[in-house]
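Please keep the sequence and the structure open beside the text while reading.

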2 protein chains.
Amino acid sequence: MISVQQALEQILSAISPLGSERVSLLAALGRVAAEDVDARRAIPPRDNSAMDGYALRWEDTLGATRESPVILEVVEDIPAGKVPEKTVVAGTAARIMTGAPIPDGADAVMKMEETEKDGSRVRIFAAASAGLDIRRAGEDVRPGERIVRKGDVLTPARIGMLASVGRAVIDVHQRPTVAVLATGNELVDVDEAFLTEGKIVSSNSYSLAAQVLDCGAVPLQIGIARDTREDLIAKFNAALRADIILSSGGVSVGDYDLVKEIMKEVGNRMQFWQVAMRPGKPLAFGTLGGVPLFGLPGNPVSSMVSFEQFVRPALLKMMGRRNLFRRIIQACLDEDVQKHAGARNFLRARVEFRDGRYHASTTGEQGSGILKSMVLANGLIVIPEAVTHARAGEEVTVQLIDGSLEGMAEPEYLKD
Amino acid sequence: MISVQQALEQILSAISPLGSERVSLLAALGRVAAEDVDARRAIPPRDNSAMDGYALRWEDTLGATRESPVILEVVEDIPAGKVPEKTVVAGTAARIMTGAPIPDGADAVMKMEETEKDGSRVRIFAAASAGLDIRRAGEDVRPGERIVRKGDVLTPARIGMLASVGRAVIDVHQRPTVAVLATGNELVDVDEAFLTEGKIVSSNSYSLAAQVLDCGAVPLQIGIARDTREDLIAKFNAALRADIILSSGGVSVGDYDLVKEIMKEVGNRMQFWQVAMRPGKPLAFGTLGGVPLFGLPGNPVSSMVSFEQFVRPALLKMMGRRNLFRRIIQACLDEDVQKHAGARNFLRARVEFRDGRYHASTTGEQGSGILKSMVLANGLIVIPEAVTHARAGEEVTVQLIDGSLEGMAEPEYLKD
């Protein structure tokens, strides 16, 4: 029997980040940077106007008011995108649009609302201060400044930032291909559900593949291996071109030994663990032709929970992520729960925000075959190994498994 | 001047969910169900064994211990996937694997660990109770039970559940195609960044398209429209096949009127709002050939914040989502902030969980051109219209804009 933590450490120590590939900006969304990026130019590249108005010398506007405006000669019109040609000298101004470069000589911008055009001249109704409404070159980013670090997840804002400094492509970590293989003679695929008696659909083939996709990795659906030597070997061989192999079923104590036997035979350093957790006690881990191989339990809930605890962190590590773990919150337990000492329990739970704190309650029957408990869950209540009772009102740790939890709390500020 | 809430209400009232399309299970991940799904079969379909062991009649095992085992005749071997052929009568048992159907006559399963095989017989070392280690037909899902509701987001668990009941395809809401168009003579595309003087890269073309992708919608990148009548009309025409059109730039007061003029000319019921918010005050909304058209501000931060407040909820509504809004939390403000009364401010902020509560601090200079403030942010502090000061230590509302916030809190429970 090993602890969740020991299993996780052994797994993560066997996993390395994949190499990089170079992708275009939009393809990089959600990927992890594999290079540090330093700005090759300033943002903004030149001093420019923050307003539509007039670029001028602030000292010329001293004392200007609506009653006694200052009058300046307009020497140029600078729409956005135009390079100024004239210098603004005392007594002159240039009409300028938002984002247009500040002409030489000017040191402030007076916004349109405080001006009035009069032929080739403009009346200025307010006094400017030095630098008013000028956005300075480099005020967002200085040349050479690091704008993306290795390991950063590329968000929409980072992608905009990369575009700003003229980067059209970026090195990101490759995405692992993840073979998903179910084992068991009791299993049929989804289109045989009504053709068979006494069989069950291999839902793990779909829930695990969806979990893989959800991590940003690429599933390779190997299908169902029958419990025969030939079929198991053939399916494991078909899985070998993946970066990581997930099989489900066949790793419990007392299971027909064939899956384990084949794993031992074709795999390297296969370990068949009893992990002190519930659900998800049996877990196999090793490599197959150098490819990390996870043998997950066959029960639908156990396989999903084991994926969350062990496979997801491994996949995120392969993808270069710094943070490998789901968010953890503390919540008020809304019911009594009991368990045996010795195993860490992961109770499928619904987390809500109510009366200023998080509340967690289980999603009903917690059997490892009760997929409904997982469907309704947005979190897993983690009850530590030594604990046997947790009572309503106690604070518990919850691992959030729904990344967004959108709409979990009412958007109060919208109710004005 | 209208409020954020008024603008949002007008926008959402003009937006309807798109129709449905039928996709296969994995393609449905993250999509929104457009149909109610009732289970066409029970899960599990038959009573089956929760353990590897022996199916037997519990009364036969009364008083069995390791010292005085009960001995039963083994009449059949039922591996997973086999339909039992024999009936278990008094004094007999069937060897059974996890997931295999319980044979007629049996009413309990004794796990392998409490048994010992002896030729054609088995020694039972413990007393069973009625129903022990039998998973009942329908204990997860009863036939006819609703397993997915219209508007549910299809998570890995729901996809596994659909597979379980033999559904290989499901109706989901279509994804909107979203045309993204930037306007302005000062803009160049990312590959012209170093060819030009006085121009800036149209980063909005990328950050907005990435925000569209992030919502699960499909960007259509129309590129940059020059400030000419012909080019604007051509680009708006190219955008018309989208389900929604986003343009950025050209909607501020005093901007060259051309963009607004063309919007009014080609569009319907175009409204040019001054929204009481900062950043993001100017906003245009209307339709173009029946297609909803958003005119967003041109500043990089303003366009992203306006997208968050107005476009994202609209896209989620089109995709059939029930919850249109980002998660809202209350956090301790870690610095003093000041603003003018009258506008709702959205301060780019970093949210952390520390000492049992959320803390928020701004990401530095908050100018609407400072994209770095957005790059570093995982939330927007919402300072209400009437407020002019918020002091360190006060509680503030924060809209979380990084869906996951993964790794935000240390996974404490891992440190055992």
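Which residue in β21(B) stands opposite Ile245(B)? The model is a predicted one, and in it the residue of β21(B) that stands opposite Ile245(B) is Leu293(B).

## The sheet in chain B

Strand β17 of chain B, residues 244–248, and strand β21 of chain B, residues 291–296, pair in the parallel sense, with four bridges between them. Both strands belong to an open sheet of six strands in chain B, whose order is β16-β13-β17-β21-β20-β18 and whose pairing is mixed. At the edges stand β16 (218–225) and β18 (268–274) of chain B, each of which has a single partner strand, so one side of each is left without a neighbour in the sheet. On average, and with direction ignored, neighbouring strands of this sheet are turned by 15° against each other.

Helices also pack on this sheet. Helix α4 of chain B, residues 229–239, touches β13 (177–183), β16, β17 and β20 (282–288) of chain B, and its direction makes about 175° with that of β16(B). Helix α6(B), for its part, lies across β13, β17, β20 and β21 of chain B and runs at about 165° to β21(B).

## Paired strands in chain A

In chain A, strand β4 (residues 53–56) is joined by three bridges to strand β6 (residues 92–96), and the two run antiparallel. Four bridges join β4(A) to strand β7 (residues 108–111) of chain A, again in the antiparallel sense.

Helix α3 of chain A covers residues 203–214, and at 1.5 Å a residue its twelve residues should span 16 Å, which agrees with the 16 Å between its end C-alpha atoms. Ten of the twelve residues of α3(A) are buried, so the helix is largely enclosed by the rest of the structure; among the buried residues are Ser203(A), Tyr206(A), Leu208(A) and Val212(A). After α3(A) comes Gly216(A), whose phi is positive, near 90°.

Is Gln338(A), by contrast, buried or exposed? Gln338(A) lies in strand β23 (residues 337–338) of chain A, and because 11 C-beta neighbours are found inside 10 Å, Gln338(A) counts as exposed. When its neighbours within four places in sequence are left aside, Gln338(A) is in contact with Thr388(A) and His389(A). The C-alpha atoms of Gln338(A) and Val387(A), which are 49 residues apart along the chain, are separated by 8.5 Å.

## How the two chains meet

Between the chains, 89 residues of chain B are in contact with 90 residues of chain A. On the side of chain B that touches chain A, the elements that each supply at least two residues are α2 (156–164), β15 (200–201), α3 (203–214), α6 (300–318), β22 (328–333) and α7 (371–375) of chain B. The most is given by α3(B), with nine residues. By class, this side of chain B has 45 nonpolar, 23 polar and 21 charged residues.

Chain B is superposed on chain A by a rotation of 180° with 0.0 Å of shift along its axis, at an RMSD of 0.1 Å. The two copies are therefore related as by a two-fold rotation axis. The same surface serves both copies, as 100% of the contact residues of chain B recur in chain A.

Key. Residues numbered from 1 in each chain as written. Chains lettered and ligands numbered in written order. Predicted model: local features only at pLDDT ≥ 70, side-chain atom pairs only at ≥ 80, totals over all residues. Buried ≥ 20, exposed ≤ 12 C-beta atoms within 10 Å, placed from the backbone. Contact = placed C-beta atoms within 7 Å. Nonpolar A, V, L, I, M, F, W, Y, C, P; charged D, E, K, R; others polar. Pairing = 2+ DSSP bridges. Expected span 1.5 Å × (residues − 1). Axes fitted to C-alpha atoms, helices over the stretch in contact; angles between N-to-C directions. Least-squares fit on C-alpha atoms with pLDDT ≥ 70 in both.
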